[in-house]
2 protein chains.
Amino acid sequence: MKTTRRRIKAGKDETDGRRRRGDQARIAVLERAMDVASVDGFEGLTVGSLASDLGIGKSNISALFGDKATLQIKTLDAAVGVFIENVITPTQAEVSPIRRLQKVCSGWFDYVERRVFPGGCVLHAAINEYRARPGALRDKVNNYRNTWKALLERTIREAQSAGEIGIEHGAQQLAFKLIAFQAASNTAALLGDKRYFSLGREVTEAAIAEAANAGPRVPSSQSGSQAS
Amino acid sequence: MKTTRRRIKAGKDETDGRRRRGDQARIAVLERAMDVASVDGFEGLTVGSLASDLGIGKSNISALFGDKATLQIKTLDAAVGVFIENVITPTQAEVSPIRRLQKVCSGWFDYVERRVFPGGCVLHAAINEYRARPGALRDKVNNYRNTWKALLERTIREAQSAGEIGIEHGAQQLAFKLIAFQAASNTAALLGDKRYFSLGREVTEAAIAEAANAGPRVPSSQSGSQAS
DNA sequence: AATATATACGAACGATCGTACATATATTCA
DNA sequence: TGAATATATGTACGATCGTTCGTATATATT
């Protein structure tokens, strides 16, 4: 089931039986590593526990990936690939920029709610783990974050060019809000705060709808003001 | 300098020289542990590096705190104490609920910008580290998060009762937005994204001002449809 | 002065960490 | 066929992990 939920496509050398075997072994390691990293962090990855989880030897993992730093990088790349495949790719067919924006946002909430990764959004996991730690992984995470930022901002600007969103709304500002709602919803989901998670969905839709000045208000939102 | 920036008050037994000595030693350890935890996480705390940083023996730390789990808990408690002292306490004198809300929010941004902790807001650090990891620390972190949530929501409701904010605005919804802006601003600050950090300040002020329907617009953007 | 308590130190333990090395097996290529 | 390549295994190494033990020092209590 996890195998059908996501899949890393095998490498090019599908003719060479040796590399095919190795690629499948690497994929198996990465599938497990992504789940572990999303929960315990990329620094929480250990060759030993990974090997015992998969029933193989530590030295095999070392042989497949070289050293641990490479394993972490490959795991991050693979995880972002899964993120793209689950959140971004399904929305590219939509021609209307604002509807593409709506779809990619609602798709993000679905992706978290479906627990594609047991630790929630792997991008937020990586960002928060390396936000204050210099190194190659932080640079890589920062690049991925900037890519996600750019995608949202570009889509918003396209919607402005298409007249779907008034130009008086700052694209950066709306993108910031959407990213902020995602960050808070991610932790809310994992901490079991269902109310705040669904609030994240609501205010996200409302923010987009408000930018498109045909926007309906957020549904009164005053659904009983009890705290948790 | 850091010593003046924050300070853990010594224990009760100030008469007993032994306990006074031990309390100061514990404080020294915790001061360092808080900084490390805010950057490398509470799981990144190690007795060995902590001891060598402070020029003392590992066994001394063990003797002072018992085991590592206790050290982590004490570090979290101390860090939250610093958070409260820096963000919450200075605002309690303000009688107007909405101005108290404004102050506590702008105080949070100051606290992150001043790097009271080198890793940014220690509460967000802890939340993201333990969001998916069962255990005593996660429960503790969740309680602290709920306390912060409750403080914001309560202040908003008090502002509503005082007529400073219309009751048509959901207290939970506004609190969610403020917390979300904080989460995104925290990572932005630490990743060097100054633009997004200042955007966090702006949209926070705008969200509060908009709730108070006397709210001025956020400069040049976020205008148009004023909320009901 | 004698006893008790709490902090400090140093050495050592078993466990796990990442890594290296020698070796075996599977697959390809000449 | 034999040589070359890539994956797999097992063992071992040094480093660091958290923790324990015995002991020394400082302070308090009697």
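Two residues are taken to be in contact if their C-beta atoms, placed from the backbone, lie within 7 Å. By this criterion, in the predicted model, 42 residues of chain B are in contact with 42 residues of chain A. Five helices of chain B each supply at least two residues of the side that touches chain A: H2 (17–40), H7 (122–130), H8 (136–161), H9 (171–190) and H10 (194–211). The most is given by H9(B), with 12 residues. By class, the side of chain B that touches chain A comprises 17 nonpolar, 16 polar and 9 charged residues.

The same surface serves both copies, as 83% of the contact residues of chain B recur in chain A.

Within chain B, H9(B) also packs with helix H6 (residues 97–113), at an angle of about 15° and with the axes 10 Å apart. Angles under 35 degrees count as roughly parallel, and H6(B) and H9(B) are therefore roughly parallel to each other. Their crossing is right-handed. On H6(B), the contact is made by B:Cys105, B:Trp108, B:Phe109, B:Val112 and B:Glu113; on H9(B), by B:Leu178, B:Gln182, B:Ser185, B:Asn186 and B:Ala189. The residues of this contact between H6(B) and H9(B) divide into 6 nonpolar, 3 polar and 1 charged.

Technical notes. Residues numbered from 1 in each chain as written. Chains lettered and ligands numbered in written order. Predicted model: local features only at pLDDT ≥ 70, side-chain atom pairs only at ≥ 80, totals over all residues. Helix = DSSP H or I, 4+ residues; strand = E, 2+ residues; numbered from the N terminus. Nonpolar A, V, L, I, M, F, W, Y, C, P; charged D, E, K, R; others polar. Axes fitted to C-alpha atoms, helices over the stretch in contact; angles between N-to-C directions. Parallel < 35°, antiparallel > 145°, perpendicular 65-115°, else oblique. Left-handed = near helix turned anticlockwise from the far one by under 90°.
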